[in-house]
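Work through the exercises below with the sequence and the model open side by side.

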Amino acid sequence: MQHFRHLDADTRARVFFRQPEDIETSDGNDVLATALGATLYIPATRPDLTATVNKRTDEGVRSIVIDLEDAVADHDLDEALANAIRTLNELSGTSSLVFVRARTPEHIRTICAGLTQGAGGLAGFVVPKFTAARGAEFLDEIVAASQSHGTRLFAMPVLESPEVVHRETRDVELVAIRELLGTYRDTVLAVRIGATDMCGTFGIRRDRDLTIYDVRVVADVISAIVNHLGRYDGSGYVITGPVWEYFADHERMFRPLLRQTPFVDQDAVRFRQQLVSSDLDALLREVALDRANGIQGKTVIHPSHVPAVHALSAVTHEEYHDALDILSSDQGGVQASGYRNKMNELGPHRNWAKQTVLRAKAFGVTNEGITFVDLLTALAQR
């Protein structure tokens, strides 16, 4: 898969200093997980499921989840399973990674048994409400399916259960999950965060004027997940951001979260107004906070969210050259950034630099003077 391939060649040349690379499943889990970007969930009950997946792929989505869990009513489950299998058999050769969110280990077995072209267009499975007690059942089924089909299928556990949310059981559960995932390290692609279920534990639905980091009980859980599972010492995993669930205009309580200056500079004031009216300013803010908290990519439920996530995933010219400067020496110490606006500490900033180079491989590096506004505008105009 390759990000921003749907942009025309002239736009790509104008925007990018270093083009996004073509990512292969053999590039390693960290590279592939970083390249997931905005992962779009689509209910398995859609009658035009194959056409929808192909359309979203053409629009730049590179990771898709066919959802058999919360998005499907119990009485529609059999039909949804059949529809998912039919779609996977029709999708062989797609340029996006397609996963299925399965309710039970038995569903994984049923889906894989129904695939007529090896694994078809299937990249792996999302495991909802993942716990240390039941997680191995799902992971064993995914490993068995990989062996029987002769292909590598990935797992993405979703952490959202009460055992993770409740403070008195959280650390014990996360330690157990960490140990369990370690025995399936090659299979686990990324760890996903299920903030909607977490909020539901407390009877909360966060407002569209707020980010998930304003909901303190959930922010505390996210912090613990990153602490246990996002360590950059060889034991951690790429952790993806929780879903942003709003996509329509509304009467606002608080001021917009997007500064006007970047849009004025790019003659895109009207475009900023469109973003604000669709609640995308809060999404952009949350994506920035995701990255500040050690999280890559994001779950999304509407195609309008994808360009926002991807525009902020591209590495800026400044970030990239800071990262290269930091990685150019293993002697430690500090040196001034080439942009003359910060100090780069060659020891403490090394892991950040490695992650930045990984992100650059997947999402490219923008030209000097190009901002996320330029890239987001180009994606919106496409």
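Contact, as used below, means heavy atoms within 4.5 Å. The model is a predicted one, in which local features need pLDDT of at least 70 and side-chain atom pairs count only at pLDDT 80 or more, while totals for chains, interfaces and linings use all residues. Residues are numbered from 1 along each chain as its sequence is written, and side-chain values use heavy atoms, with hydrogens and water left out.

**Exercise 1. The core**

Task: Which residues does Phe99 touch, not counting residues up to four places away in sequence, and which residues have the most contacts inside the largest nonpolar core?

Solution. Start with the neighbours of Phe99, which touches Leu36, Ile64, Val65, Ile66, Leu122, Ala123, Gly124, Phe125, Val126, Phe154, Met156 and Leu189, when residues up to four places away in sequence are not counted. Next, take a nonpolar core to be a set of buried Ala, Val, Leu, Ile, Met, Phe, Trp, Tyr and Cys residues joined through side-chain atoms within 4.5 Å; buried means under 20% relative accessible area, exposed over 50%, and partly exposed in between, with a 1.4 Å probe and protein chains only. The largest such core has 107 residues, and those with the most contacts inside it are Phe99, Phe125, Ile225, Leu229 and Leu375. Its largest share, 7 residues, comes from helix α10 (residues 216-229); helices (H or I, at least four residues) and strands (E, at least two) are DSSP runs, numbered from the N terminus. Finally, turn to helix α17 (residues 372-381), where 7 of the 10 residues are buried, among them Val373, Leu375 and Leu379. In soluble globular proteins, nonpolar side chains tend to be buried together.

**Exercise 2. Strand β3 and its partners**

Task: How many bridges join β3 to strand β4, and which residue of β4 stands opposite Asp67?

Solution. Two strands pair if DSSP finds at least two bridges between them. On one count, β3 and strand β4 (residues 97-101) run parallel and are joined by 5 bridges, with Asp67 opposite Arg101 of β4. The chain passes from β3 through α4 to β4 in a right-handed β-α-β crossover, a term that applies if, with the strands pointing away from the viewer, the path from the first strand over the helix to the second runs clockwise. Strand β2 (residues 38-43) also pairs with β3 in the parallel sense, over 5 bridges, and here Tyr41 stands opposite Val65. With helix α3 (residues 49-58), β2 and β3 make a right-handed β-α-β unit.

Now consider the side chains. In a regular strand they alternate between the two faces of the sheet. From β3, Ser63, Val65 and Asp67 point one way and Ile64 and Ile66 the other way, and all are buried.

**Exercise 3. An arginine in α3**

Task: Is Arg56 buried or exposed, and what does its side chain contact?

Solution. Arg56 lies in helix α3 and has a relative accessible area of 16%, so the residue is buried. Its side chain makes a polar contact (a pair of N or O atoms within 3.5 Å; within protein, one must be able to donate a hydrogen and the other to accept it, and residues adjacent in sequence count only if both atoms are side-chain atoms) with the side chain of Glu59, at 2.8 Å. Leaving out residues up to four places away in sequence, Arg56 touches Leu40, Val61, Ile64 and Pro303.

**Exercise 4. Positive phi**

Task: Where are Lys129 and Arg340 found?

Solution. Most residues other than glycine have a negative phi, and most peptide bonds are trans. Lys129, however, has a phi near 50° and is found in the loop between β5 (122-127) and α6 (135-149), where, at 35% relative accessibility, Lys129 counts as partly exposed. Arg340 has a phi near 55°, likewise a positive value in a residue other than glycine, and its place is in the loop between β10 (334-336) and β11 (343-345); at 69% relative accessibility, Arg340 counts as exposed.
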